[in-house]
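Please open the structure in your viewer and keep the selection tool at hand.

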Amino acid sequence: MGEIPPRWNGICQEGEGFNRSNCNRKIIGARWYVKGYEAEFGKLNSSDGVEFLSPRDAVGHGTHTSSTAAGGMVKDASFLGLAQGLARGGAPLAWLAIYKICWAPGGCSSADLLAAFDDATFDGVDVISLSLGSSLPLSTYVDDIISIGSFHAVAKGISVVCSAGNSGPYPQTVINTAPWVITVAASTIDRAFPTAITMGNNQTVVGQAFYNGKEDLNKFYPIVIGKDIAAFDADEGSARSCESGTLNATLVRGKIVICFQSQFQRSAATAARTVLDSGGVGLIFAKFPTKDVHFSFGVPYIQVDFAIGTSLLTYMEANRNPIVKFSFTKTVIGQQISPEVAFFSSRGPSSLSPSVLKPDIAAPGVNILASWSPVSNLEQTDHVTPNYIPQFNFKVESGTSMSCPHISGIVALLKAIHPTWSPAAIKSAIVTTASLKDEYAQSIVAEGAPHKQADPFDYGGGHVDPNKAMDPGLVYDMEVSDYVRFLCAMGYNNSAISLMNRASTTCNDKSTKFLVNLNLPSITIPELKKSITVSRQVTNVSPMNSVYTARVQAPAGTTVRVEPSTLTFNSTRKKLKFKVTFYSRLRVQGRYSFGNLFWEDGIHVVRIPLIVRTIIDEFYAET
């Protein structure tokens, strides 16, 4: 690593298990915040060894996300010997500063979060990666702490990258929806962890797991289904999904249990704890098809889809003494189509500002290998004997917490290449160059119920393509004044916006028309009646003279006209405006439909999503 830049104002704040020597030329800043937490939740006890009153990570989440964004290169990294190879972060030569605001017992304080934003801004960071968020319903932008803190950071030229949430695949579940942040959905990668289950008739089915054979299940054990071994006071339905306390320990002991996910019990971790507490030796958990794999302490666990689970039941019903054995998990790369939008990834539209497309972009967030805190209790150690608790330096995790730092690393690289670009320009470069195709040139699929072709509410602009983002051709840029006008159009009062803007602000125009005219790298029309015209401005960031021509894929049920249809840039004409008019061809209450607007100059293809929902006044009148 190079010398710490002289503009850096950060400190290495000491505390339990952490002193100044723990900082170096990679970790150049570390702070921790507990005053707000203790004011909200009470005194934090660190004497039990579960937490450190310091920047030191006792959970693993912060280590995982920071190493994903900016970790250095580590050879032969693996989790339980799986996913082995060279590990590195998105921007391995970037400096790293840590601001610890959340604590192992659970909870993060709003006051601590704002203090961390202020300190990070003062310290001189270039990018803030924020793998956290609040639950629905969304607070207003002038009340939401992440929105406020990120607004202050973006006003200083700092890009803020946030996770989209893990409440998918349901619509309107996306969080962190402020237009000034980059909101990241999660996608799959082409690495899988196939694990074979062999039945007593020598037939084999394959699920996914992290089973390295520490517990010897490579021999046959009896297999039972949860509902057949229900505890005396439990109903069959609860036992079928292995809800807590529903299994008869006498009937479970020494057996592998197959449990089926239900509407009320969807957690493989819950089923694993139930089987472990009841003396079972292994778990097969049948669930809806997804790619993310969970890890369980104490009891080996393989996840299968409902079809494979049903085939195992068929075998069990046809045999008086059914038996199965587990094979060791393998790491397989390139045999799983990717990317797909992860089942859990929260979806748009935004429930707060539907004219702002969220999420913005998708990035890898499923089965991601990254650094882990070796002192982490990994959530389930209370169910495991102390001499069994392993310590990991790397772990595989899934979530939009994992996809967020992928984009943070990419933003850091773009900042290094284009240091004068604003946060809006960087977001535009990422969104307008994103891919809509998987590695086989097929349209990206979104995991769901059922799986479907992905759309902008699943992945925003698409799946990130970092190399193309370096040279986007055109960008949709914005300034702080544009965000202030947006807040005015949202209907917030002058005093609230003044506090947000840290300056006296008077809204001269509160027209909601500005909401669809905010210069985003997307156009979303939540209510198209007959026709509407919106405007955008693009900035040429290529050094050459260029002529761009518009091409439109109109959303279903609409006609779209772009004026002018040609944009000519030269050394003196760097910014140009254009208008897009949408005409509804439907006279019914419509659903959202999707299209694209392309600007092309023979070298660059600058694409923004078009999202339209047609409505008719008569529908509301009759309702």
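This is a predicted model: local features need pLDDT of at least 70, side-chain atom pairs count only at pLDDT 80 or more; totals for chains, interfaces and linings use all residues.

Residues are numbered from 1 along each chain as its sequence is written, and side-chain values use heavy atoms, with hydrogens and water left out.

**Stop 1: the disulfides**

How many disulfides does a search of the whole structure find? The search finds four, a disulfide being a pair of cysteine sulfur atoms within 2.5 Å. Select Cys 12 and Cys 23, whose sulfur atoms are 1.9 Å apart in a disulfide. The torsion about their S-S bond is about 85°, so this disulfide is right-handed. Both cysteines lie in the segment before strand β1 (27-32), so the pair ties together parts that are eleven residues apart in sequence. Helices (H or I, at least four residues) and strands (E, at least two) are DSSP runs, numbered from the N terminus. Cys 12 counts as buried at 13% relative accessibility, and Cys 23 counts as buried at 15%. Buried means under 20% relative accessible area, exposed means over 50%, and partly exposed lies in between (1.4 Å probe, protein chains only).

Next, select Cys 242 and Cys 259, a disulfide with its sulfur atoms 1.9 Å apart. Cys 242 is in the loop between α5 (236-240) and α6 (249-252), while Cys 259 is in strand β12 (residues 256-260). With -70° about the S-S bond, this link is left-handed, and both residues are buried.

Move on to Cys 488 and Cys 507, which are joined by a disulfide with an S to S distance of 2.0 Å. Cys 488 belongs to helix α13 (residues 480-489) and Cys 507 to the loop between α14 (494-501) and α15 (514-517), so the pair ties together parts that are 19 residues apart in sequence. Cys 488 has a relative accessible area of 5% and is buried.

**Stop 2**

**Stop 3: salt bridges**

A salt bridge is a side-chain nitrogen of Lys or Arg within 4 Å of a carboxyl oxygen of Asp or Glu. By this rule the count comes to 19. Select Asp 119 and Arg 31, where the closest N and O atoms of the salt bridge are 3.8 Å apart. Asp 119 lies in helix α3 (residues 110-123) and Arg 31 in strand β1, so this pair ties together parts that are 88 residues apart in sequence.

Then select Asp 118 and Arg 502, a salt bridge with its closest N and O atoms 3.0 Å apart. Asp 118 is in helix α3 and Arg 502 in the loop between α14 and α15, so the pair ties together parts that are 384 residues apart in sequence. Arg 502 counts as exposed at 52% relative accessibility.

Finally for this stop, select Asp 458 and Arg 347, whose side chains meet in a salt bridge (2.7 Å, N to O). Both residues are buried. Salt bridges that share partners join Arg 347, Lys 452, Asp 455 and Asp 458 into one network.

**Stop 4: a surface patch**

Select Met 1, Ile 4, Leu 93 and Trp 95, which form a nonpolar patch on the surface with about 390 Å² of accessible area together. Patches are made of residues with over 30% relative accessible area and no salt bridge: like charges are joined within 9 Å, and nonpolar side chains (Val, Leu, Ile, Met, Phe, Trp, Tyr) within 5 Å. Accessible areas come from the Shrake-Rupley method with a 1.4 Å probe; for residues, only the protein chains shown count as cover. Trp 95 is found in the loop between β3 (82-87) and β4 (96-100), and is partly exposed, with a relative accessible area of 34%.
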